[in-house]
Amino acid sequence: MIIQFLAELTKNNEVANSLVEAGGFDFIINEMCKHENNPSVQEAGCQALCNLPTNDVAKADAAVRLILTAMNTHYYDGKVQAGGVRALIHFCAECTSLASP
């Protein structure tokens, strides 16, 4: 699955930055939306999103909503839950306005 490959590649900061510049953020969001009932895709998507830098609050907000949906849909899957929590922490740290009530 390509999204799992991207999750691994984005562990490298240079690759993560290049992926964002090439539209990878939107690609990952779209893949997660297309495969919302597949916990493996949701887990990998959360992992990849967790590694991507973003200064775009609208994109970060969309990602957070998608992550929460994945966690709600796959409440029984510990890997989705763990990946989701890591990604949420990442976005709260990257876009502090998302962490505000």
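Visitor: How many aromatic pairs does the structure hold?
Guide: The structure, which is a predicted model, holds two aromatic pairs.

Visitor: Let's turn to the core: how many residues are in the largest nonpolar one?
Guide: The largest nonpolar core has 26 residues, and those with the most contacts inside it are Phe25, Ile28, Met32, Leu49, Leu52, Ile67 and Phe91. The elements that give two or more residues to this core are helices H1 (2-9), H2 (13-21), H3 (24-34), H4 (39-51), H5 (57-73) and H6 (78-94). In soluble globular proteins, nonpolar side chains tend to be buried together.

Visitor: What is Leu49 in contact with, leaving aside its neighbours within four places in sequence?
Guide: With those neighbours set aside, Leu49 is in contact with Phe25, Ile28, Ile29, Met32, Ala63, Ile67, His90 and Phe91.

Visitor: Which residues of H4 are buried, then?
Guide: Within H4, the buried residues include Val41, Gln42, Ala44, Gly45, Cys46, Ala48, Leu49 and Cys50, and what covers the buried residues of this helix includes H1, H3, H5 and H6.

Visitor: Why does the span of H4 agree with what it should be?
Guide: At 1.5 Å a residue, the 13 residues of H4 should span 18 Å, and because the end C-alpha atoms of H4 are 19 Å apart, the two values agree.

Visitor: What caps the N-terminal end of H4?
Guide: That is Asn38, which has a side-chain oxygen 2.9 Å from the backbone nitrogen of Ser40.

Visitor: Moving to the loops, where does Thr54 lie?
Guide: Thr54 lies in the loop between H4 and H5, and its side chain reaches the backbone nitrogen of Asp56 at 3.1 Å.

Visitor: Is Thr10 buried or exposed?
Guide: Thr10 has a relative accessible area of 1%, which is under the 20% that marks a buried residue, so Thr10 is buried. Thr10 is found in the loop between H1 and H2, and a polar contact of 3.0 Å joins its side chain to that of Asn51.

Visitor: Last one: how many residues apart are Leu6 and Ile28 in sequence?
Guide: Leu6 and Ile28 are 22 residues apart in sequence, while in space they are 8.6 Å apart, C-alpha to C-alpha. Leu6 is found in helix H1 and counts as buried at 11% relative accessibility. Leaving aside neighbours within four places in sequence, Leu6 is in contact with Leu19, Phe27, Ile28 and Ala48.

How values were computed
Residues numbered from 1 in each chain as written. Predicted model: local features only at pLDDT ≥ 70, side-chain atom pairs only at ≥ 80, totals over all residues. Heavy atoms only, no water. Core = buried A, V, L, I, M, F, W, Y, C linked by side-chain atoms within 4.5 Å. Buried < 20%, exposed > 50% of the residue type's maximum accessible area, 1.4 Å probe, protein only. Helix = DSSP H or I, 4+ residues; strand = E, 2+ residues; numbered from the N terminus. Contact = heavy atoms within 4.5 Å. Expected span 1.5 Å × (residues − 1). Polar contact = N/O pair within 3.5 Å; in protein donor to acceptor, adjacent residues only side chain to side chain. Phe/Tyr/Trp six-rings, centres within 6.5 Å; stacked < 30°, edge-to-face > 60°.
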